[in-house]
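Open the structure in your viewer and keep the selection panel at hand. The tour goes stop by stop.

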Amino acid sequence: MKHPDIASLALLAGGELPFWTRWRAERHVRTCPECQKEVEAFRRRRDWFRDAAGELPAGLNWSRLEAEMRANIQLGLEAGECVGAARPRRIRLSWRVAAALASIAVVIVGGWWLHLPHPRTEARGGAVLEATAEGIELKEPHGALTLFHSAATPVVVSASAQGAMAARFVDEETGLVTVNNVYVE
Amino acid sequence: MSTSSKLAALGASLAALALTSPAQQTLRVDFPPESPVTVVAADWGATETTPRGGALVVDLRTTLRLRNSGPATIRGITLLVLAQEVTPGGKASVAVPSLNVAPGETFPVRIDLRLLRPLQVPAGPLVRVELDGVLFDDLSFYGPDRLNSRRSMTAWEIEARRDRRHFKSVLAARGPQGLQEEILASLARQAERPTLDVQVARRGRATNLGAGRRLQFAFLRLPDSPIELLAGAARLAGQEASDATVEVRNRSSRAVRYFEIAWIVQDRLGREFLAGSVPAETHLSPGATGRISSDATLRFGRPLAIEAMKGFVSRVEFEDGEFWIPSRPHLAEQRLDRLLAPSPEEQRLADLYRRKGLQALIEELNRF
């Protein structure tokens with residue numbers, strides 16, 4: 001079995017693969033426990049980074065940062081004026097060549113734009129329930145709660161349209177059927 | 001006070017000491033004093049706290065050992081898990097159905113959870129574990145029932161009786177080899193059951209642009225179902241399904257107070273998945289019609305071109321507290337057994353066979 005390369009798995013975890021590549025990779029990952037683990041690990045790391053990045057350094061002074069950036073830009077422009085005496089000769093294009101180049105640019109930019117993963121608009125930052133390989137997770141803006149089902153297999157996951165998710169499994173340690181339920185209000 | 005009562009009181013005192021030690025101040029276990037289930041011990045395993053960015057990750061791994069201090073055999077228990085300071089918009093529970101715990105016996109309940117919380121939270125326990133309910137073998141119930149656990153556990157117990165009856169009849173009719181074939185078929189169904197990654201959000205958190213489209217349900221009719229599904233539809237937008245509404249009629253001679261509809265989606269390739277369930281609290285007199293709607297949005301974890309949706313009634317509770325569940329032959333006739341999850345009891349019996357073999361399974365069936 002040929003596994004997708006590690007970069008593709010990382011892009012798959014982030015939802016950033018183009019359609020056909022994603023379709024092929026998802027089909028493989030569904031049947032390959034090894035790659036499933038890799039993708040899960042990437043997703044966890046992504047969540048970790050997102051959480052960590054959400055925290056800004058204490059005492060960040062935005063006004064001062066803006067002033068520094070403006071000063072640096074101004075400095076760059078003035079330096080450019082000093083060395084910008086010799087101007088290159090302008091190359092004139094015929095209108096046919098210009099039109100062809102413009103068409104090619106439209107095709108390239110359009111193709112690139114269509115392949116981009118388009119972000120969805122989040123109407124509200126409410127609580128969300130999600131089943132992961134490890135458990136059922138309730139995510140809220142300021143915290144999260146996960147009920148784990150550890151290494152148990154198979155796990156029966158079910159969702160309720162009234163706002164609940166459940167994971168049912170035979171606990172490897174106790175040998176008892178256990179149902180973890182998480183509710184969002 | 002009898003010797004057993006003294007031992008129980010001593011156990012409860014020891015447990016109380018263990019539960020209030022400084023290392024476990026993050027979790028508090030509260031059972032009512034008159035509870036028929038008492039905490040005998042708590043193993044705290046690898047409970048740990050790790051900083052992560054501007055937050056703190058708290059991993060709580062505990063196994064509570066509980067004792068049946070009541071007079072009847074316990075069939076199921078549900079514990080309510082609350083972390084209101086961290087996730088005020090949600091709560092959780094850990095339920096253990098398919099139990100067979102005689103008076104005086106003990107049993108474990110494992111709770112493994114993780115909290116991601118801000119560094120600054122008010123003092124006091126982060127997590128509270130409370131008893132939500134206990135179901136006994138005569139279907140009597142004890143507990144505050146804040147999560148409607150009486151309903152869930154009673155339905156699981158009725159399914160358990162149906163499934164044990166089924167496996168016992170297979171054993172009687174076709175012998176051990178027949179039972180083995182049946183349990184292997186169950187394991188195969190569990191392994192091959194198509195699954196779908198789903199997220200659940202409350203109404204209002206629709207994340208896709210555009211209004212989407214409304215798709216009608218096609219309903220499957222189980223012959224003896226007390227509820228008839230008349231018409232229904234749900235809104236589909238991108239990878240999300242929401243606003244499911246269904247018109248129903250009570251065709252039984254008894255009033256109905258609750259029912260659930262299993263929601264199946266079919267993609268362009270004809271593959272079917274159980275997307276979720278639509279539960280409904282209601283009051284439907286015999287012959288009455290009504291309309292139910294769902295509160296949450298289901299978001300599918302992968303692109304799914306949904307072409308069709310099906311639904312069927314999977315559980316009904318009458319006003320008198322009795323339940324209707326589909327029979328195994330009716331589920332098999334409509335090929336729904338390959339989509340529906342097995343009952344907790346079927347899952348337990350199949351796992352018992354996988355771990356300990358056919359003889360252990362036969363002995364277990366003969367205990368009931």
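What follows is a walk through a predicted model, from overall confidence to single residues.

**Stop 1: colour by confidence.** Start with the whole complex. The predictor gives it an ipTM of 0.85 and a pTM of 0.71. Next, select residues 6-23 of chain B. Here pLDDT stays under 50, and the model has 19 contacts beyond four places in sequence for this stretch. Then select residues 205-209 of chain B. Again pLDDT stays under 50, with 19 contacts beyond four places in sequence.

**Stop 2: a helix pair.** Select H2 (residues 149-192) and H5 (residues 358-366) of chain B. Their axes lie 11 Å apart and the helices pack at an angle of about 165°. That is over 145 degrees, so H2(B) and H5(B) are roughly antiparallel. Their crossing is left-handed. Show side chains next. From H2(B), the residues in contact include Arg164(B), Phe167(B), Lys168(B) and Leu171(B). Further along H2(B) come Pro176(B), Leu179(B), Gln180(B) and Ile183(B). They meet Leu358(B), Leu361(B), Ile362(B) and Leu365(B) in H5(B). By class, this contact has 9 nonpolar, 1 polar and 2 charged residues.

**Stop 3: two loop residues.** Go to Ser98(B), in the loop between strand E6 (90-96) and strand E7 (106-118) of chain B. Its phi is near 55°, a positive value in a residue other than glycine. Is Ser98(B) buried or exposed? Ser98(B) counts as buried, because it has 25 C-beta neighbours inside 10 Å.

Finish at Leu139(B). Find it in the loop between strand E8 (127-136) and strand E9 (141-142) of chain B. Leu139(B) is not a glycine, yet its phi is positive, at about 65°. With 15 C-beta neighbours inside 10 Å, Leu139(B) counts as partly exposed.

Note on methods:
Residues are numbered from 1 along each chain as its sequence is written. Chains are lettered from A and ligands numbered from 1 in the order in which they are written. This is a predicted model: local features need pLDDT of at least 70, side-chain atom pairs count only at pLDDT 80 or more; totals for chains, interfaces and linings use all residues. Axes are lines fitted to C-alpha atoms, for helices over the stretch in contact, and angles run from 0 to 180 degrees between N-to-C directions. Helices (H or I, at least four residues) and strands (E, at least two) are DSSP runs, numbered from the N terminus. Angles under 35 degrees count as roughly parallel, over 145 as roughly antiparallel, 65 to 115 as roughly perpendicular and the rest as oblique. A crossing is left-handed if the near helix is turned anticlockwise from the far one by less than a right angle, and right-handed if clockwise. Two residues are in contact if their C-beta atoms, placed from the backbone, lie within 7 Å. Ala, Val, Leu, Ile, Met, Phe, Trp, Tyr, Cys and Pro count as nonpolar, Asp, Glu, Lys and Arg as charged, and the others, Gly among them, as polar. A residue is buried if 20 or more other C-beta atoms lie within 10 Å of its own, exposed if 12 or fewer, and partly exposed in between; C-beta atoms are placed from the backbone. pLDDT is the predictor's confidence in each residue, from 0 to 100.
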